[in-house]
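Subject: Structure handover

Hello,

Here is the structure you will be taking over. My notes on it follow below.

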Amino acid sequence: MRLPFFLAKRFVAAESLGETLPVAAALHRKGLRVTLDQLGEYISDPELATSSRDAYIELIRDLANSAEGIDCNISIKMSMLGQKIDESFCLDNLHQLLCVAKENDAFVRLDMEGSDVTESTLSIFERVHPEYPNNVGIVLQAYLRRTSEDVTRMCELNARVRICKGAYKEPASVAYQNMNDIRDRFIEQTETLISRGRYPGIATHDDILIRQTKEFVRANDIPAEKFEFQMLYGIRPNTQISIASEGYNMRVYIPFGPMWLPYFSRRLRERKENVFFVLMNMFRR
Ligand SMILES: Cc1cc2nc3c(=O)[nH]c(=O)nc-3n(C[C@H](O)[C@H](O)[C@H](O)COP(=O)(O)OP(=O)(O)OC[C@H]3O[C@@H](n4cnc5c(N)ncnc54)[C@H](O)[C@@H]3O)c2cc1C
């Protein structure tokens, strides 16, 4: 059964690129940068992984022609390029994608998924980064016990990292479960990335972490262009604009495409209120 798209509309811009571009342009006019994510994950059919790669290649070319003037990154999940089928098949798909990204001066961020693929994703990243250092970045999740070491590993590579809390359900053996512990790790890792890393993305809607990041850069005289804040489309849109108007770089992650259900479910799981919001909209129609 396919759920109707209107349910996801608060978190997913549209089902097609054509309808998503005006959303990106509107955010750009408000002083925001964007990341486009063509949704899809955990693909188990090689043909589908190849067509996902081709769809991303087309996306990069389309953006080069149609999103002129908009500061637009791209995000992709390795499981969409066949990581779960065969790592070298996935690596080959990623190479082809990054080759087109390089030709078009585009930046592609590898999203981070469940802890079963963390090491595989980092190792794929390490294999492509030397060839495309300006075209590819990675994500680390503060809730994982391993992440402080991964932050050092990525700083040594001079890689562009997005730090976020982490959105997948993980056992206590691999991930901190307590919000204060996760926040402590997040701010520690953010400070390392801003001091020693390369233009990190600080991806959170959490006021405590945003305030601590601002205090850290102020106390250490770190200019705002050394990093950027990132938030998700549909979450705290007024805060996105107000942070940008304070002079910080703010990038909004815009998911789109027909395969929106897993992403939408993660956003619902994060907050009970979202379930009520969706239910209310169902009954309003
Ligand atoms: C740009 C970006 C990219 C991301 N990429 C990844 C990734 O690659 N891998 C990964 O595992 N995770 C990713 N995440 C998700 C992230 O790991 C968290 O699950 C998510 O951001 C919620 O954590 P938070 O720090 O925003 O704080 P929270 O404590 O969850 O939220 C703080 C406040 O933000 C608001 N808020 C947060 N979430 C919601 C929501 N769903 N609906 C409505 N309001 C909300 C509320 O006001 C809440 O009180 C990404 C997040 C962002 C912003």
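**Loop residues with positive phi**

Arg236 sits in the loop that joins β7 to α8 (237-245); helices (H or I, at least four residues) and strands (E, at least two) are DSSP runs, numbered from the N terminus. The model is a predicted one, in which local features need pLDDT of at least 70 and side-chain atom pairs count only at pLDDT 80 or more, while totals for chains, interfaces and linings use all residues. Residues are numbered from 1 along each chain as its sequence is written.

Arg236 is not a glycine, yet its phi is positive, at about 50°. Arg236 is partly exposed, because 15 other C-beta atoms lie within 10 Å; a residue is buried with 20 or more other C-beta atoms within 10 Å of its own, exposed with 12 or fewer, and partly exposed in between, C-beta atoms being placed from the backbone. Asp221, also a residue other than glycine, has a positive phi near 55°. Asp221 belongs to the loop between α7 and β7 and is exposed, with 6 other C-beta atoms within 10 Å.

**Helix α6 and what covers it**

Helix α6 covers residues 179-196, which is 18 residues. From its first C-alpha to its last, α6 reaches 25 Å, close to the expected 26 Å, where the expected span is 1.5 Å times one less than the number of residues. Its buried residues are Ile182, Arg185, Phe186, Ile187, Gln189, Thr190 and Leu193. Among the elements that cover these buried residues are α5 (147-156), β5 (160-164), β6 (201-203) and α7 (207-219).

How do the axes of α5 and α6 cross? They come within 10 Å and cross at roughly 10°; axes are lines fitted to C-alpha atoms, for helices over the stretch in contact, and angles run from 0 to 180 degrees between N-to-C directions. That crossing makes α5 roughly parallel to α6, a term for angles under 35 degrees. On the α5 side the contact is made by Thr147, Ser148, Val151 and Cys155, and on the α6 side by Arg185, Gln189, Thr192, Leu193 and Arg196. Two residues are in contact if their C-beta atoms, placed from the backbone, lie within 7 Å. The residues of this contact divide into three nonpolar, four polar and two charged; Ala, Val, Leu, Ile, Met, Phe, Trp, Tyr, Cys and Pro count as nonpolar, Asp, Glu, Lys and Arg as charged, and the others, Gly among them, as polar.

**The ligand shell**

The ligand is surrounded by 23 residues, the closest being Asp111, Cys164, Ala167, Thr204 and His205; a residue counts as near if its C-beta atom, placed from the backbone, lies within 6 Å. Two or more residues of the shell come from each of β4 (136-141), β7 (228-232) and α9 (261-270). The largest share, three residues, is from β7. By type, the shell has ten nonpolar, six polar and seven charged residues.

**Two leucines**

Leu32 lies in the loop between α1 (17-29) and β1 (33-38) and is buried, with 21 other C-beta atoms within 10 Å. Neighbours within four places in sequence aside, Leu32 is in contact with Leu27, Gln240, Ala244, Met250, Arg251 and Val252.

Leu98 is part of helix α3 (residues 87-103). Leu98 is partly exposed, with 19 other C-beta atoms within 10 Å.

Regards

Note on methods
Angles under 35 degrees count as roughly parallel, over 145 as roughly antiparallel, 65 to 115 as roughly perpendicular and the rest as oblique.
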